[in-house]
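Student: I am new to this structure and would like to learn how to read it. Could we take some features one at a time?

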Amino acid sequence: MTDITFSPEVSTALAEGAPLVALESTIITHGMPWPDNLSTARKVEATVRKAGAIPATIAVLNGTLHVGLSETELEALAKAKDVAKLSRADLAVCMARGGTGATTVAATMIAARLAGIATFATGGIGGVHRGAEHSFDISADLHELAQTPVTVVCAGAKAILDLPKTLEVLETLGVPVIAYGQDSFPAFWSRTSPLPAPLRLDTPAAIAQAHLARTALALPGGQLVANPIPATAEIPPEEIDPIIAQATAEAAEKNITGKAVTPFLLDRLFDLTGGRSLTANIALVLNNAALASAIATEIAKRQPARA
Ligand code: PSU
Ligand code: MN
């Protein structure tokens with residue numbers, strides 16, 4: 001079977017029980033513009049390595065699910081146009097057709113679990129969109145967190161989403177939402193939000209122990225760790241809120257629906273903030289990669305090697 005392939009360094013790390021951090025690719029193809037997407041993907045991988053873990057960027061290339069990309073593969077994906085965005089529903093069809101696609105949080109979690117990778121770093125997750133009471137637009141990421149046992153480190157959810165509804169759905173689905181080192185639920189651009197986080201843990205070791213306790217309890221889902229953006233990169237709500245309102249209104253006017261909604265909003269925010277949204281996004285992804293590496297290291301310490 002060549003349906004799934006591991007890069008040489010990912011294979012070695014898996015065999016040795018070394019810490020690994022899974023990374024998604026939709027952030028590269030649909031979340032950031034060229035060439036910042038490639039430079040960020042490389043910096044994220046470098047951050048993971050510097051923290052003593054091995055990065056495993058995940059994507060489907062010509063029908064094969066890759067866990068760990070070579071430098072050439074990463075560059076080709078970052079440059080490619082019209083790459084498919086693959087969530088849980090799309091992964092198998094893309095592979096069957098021999099297609100190429102970037103994995104969302106949901107699809108990356110599926111691949112990470114298959115590979116035996118416990119920890120995953122990203123920027124923002126999908127959630128309940130504003131106006132979901134009419135559009136029913138709720139990301140498959142939330143349901144994936146309920147059923148796939150991977151610890152996902154993000155910076156909270158973007159205010160393009162309805163944050164209270166996103167937290168309600170996560171609660172209904174039994175997903176632990178853990179703020180790192182504070183009581184408030186971080187809101188992507190801002191370190192804090194008016195919403196209290198349902199849970200709080202203060203160290204990578206405690207997050208690792210919670211992950212392993214879920215395994216001991218045979219609980220199927222994952223954990224969502226919400227790591228506040230570094231203070232130097234924050235964008236004040238009074239600056240970003242009117243821009244989000246404008247971008248959301250434009251999406252409605254243009255009848256943007258389904259999986260096109262998130263990429264459309266991210267692209268409009270980039271233009272309307274003069275690139276500032278991207279600078280913040282890069283800072284928080286790197287911060288999340290460092291925390292995920294520390295968590296992966298603590299999990300690896302407590303788990304025997306597989307081979
Ligand atoms: N939120 C961000 N940046 C992103 C995404 C979400 O701040 O790049 C991407 C992630 O890959 C996430 C996906 O899994 O969008 C969610 O898309 P949807 O809402 O269509 O499920
Ligand atoms: Mn959606």
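This is a predicted model: local features need pLDDT of at least 70, side-chain atom pairs count only at pLDDT 80 or more; totals for chains, interfaces and linings use all residues.

Student: Where does N255 lie, and what is its phi?

Tutor: N255 lies in the loop between helix 11 and helix 12. Its phi is positive, about 55 degrees, although N255 is not a glycine.

Student: Which residue in the loop between helix 10 and strand 11 can I look at next?

Tutor: Look at A218, which lies in that loop. A218 is a residue other than glycine with a positive phi, near 60 degrees. With a relative accessible area of 62%, A218 is exposed.

Student: What about the peptide bond from W34 to P35?

Tutor: That bond is cis, with omega near 0 degrees. P35 is in the loop between helix 2 (26-31) and helix 3.

Student: Now the helices. How is a pair of packed helices described?

Tutor: In general, by the angle between the two axes and the distance between them. Take helix 11 (residues 237-253) and helix 12 (residues 261-272): their axes come within 9 Å and cross at roughly 135 degrees. Helix 11 and helix 12 are therefore oblique to each other.

Student: What is the handedness of that crossing, and which residues meet?

Tutor: The crossing of helix 11 and helix 12 is right-handed. From helix 11, I243, I244, Q246, A247, T248, E250 and A251 take part, and they meet F264, L265, R268, L269 and L272 of helix 12. By class, the residues of this contact divide into eight nonpolar, two polar and two charged.

Student: At what angle do helix 10 and helix 13 cross?

Tutor: Roughly 55 degrees, for helix 10 (residues 204-216) and helix 13 (residues 276-301), whose axes come within 8 Å. Helix 10 and helix 13 are therefore oblique to each other. Helix 10 passes helix 13 in a right-handed crossing. On one side of the contact are P204, A205, I207, A208, H211 and L212 of helix 10; on the other are L291, A294, I295, E298 and I299 of helix 13. The contact of helix 10 with helix 13 has nine nonpolar residues, one polar and one charged.

Student: How do helix 3 and helix 4 pack?

Tutor: Helix 3 (residues 36-50) packs with helix 4 (residues 71-79) at an angle of about 145 degrees, and their axes are 9 Å apart. Helix 3 passes helix 4 in a right-handed crossing. N37, L38, A41, R42 and E45 of helix 3 make the contact with E71, L74, E75 and A78 of helix 4. By class, this contact of helix 3 with helix 4 has four nonpolar, one polar and four charged residues.

Student: Why would residues three or four places apart in a helix point the same way?

Tutor: An α-helix has 3.6 residues a turn, so residues at that spacing point the same way. For a case here, see helix 9 (residues 163-172), where L163, T166, L167 and L170 are buried. They cover an arc of only 95 degrees around the axis, which puts them on the same side of helix 9.

Student: What do the buried residues of helix 9 pack against?

Tutor: They pack against helix 8 (140-147), strand 9 (177-180) and strand 11 (223-226).

Student: What does D162 contact, and where is it?

Tutor: D162 also has its place in the loop between strand 8 and helix 9. Its neighbours within four places in sequence aside, D162 is in contact with V128, H129 and R130. D162 counts as buried, at 15% relative accessibility.

Notes. Residues are numbered from 1 along each chain as its sequence is written. Chains are lettered from A and ligands numbered from 1 in the order in which they are written. Side-chain values use heavy atoms; hydrogens and water are left out. Axes are lines fitted to C-alpha atoms, for helices over the stretch in contact, and angles run from 0 to 180 degrees between N-to-C directions. Helices (H or I, at least four residues) and strands (E, at least two) are DSSP runs, numbered from the N terminus. Angles under 35 degrees count as roughly parallel, over 145 as roughly antiparallel, 65 to 115 as roughly perpendicular and the rest as oblique. A crossing is left-handed if the near helix is turned anticlockwise from the far one by less than a right angle, and right-handed if clockwise. Contact means heavy atoms within 4.5 Å. Ala, Val, Leu, Ile, Met, Phe, Trp, Tyr, Cys and Pro count as nonpolar, Asp, Glu, Lys and Arg as charged, and the others, Gly among them, as polar. Buried means under 20% relative accessible area, exposed over 50%, partly exposed in between (1.4 Å probe, protein chains only). The arc is that of the directions from the helix axis to the C-beta atoms.
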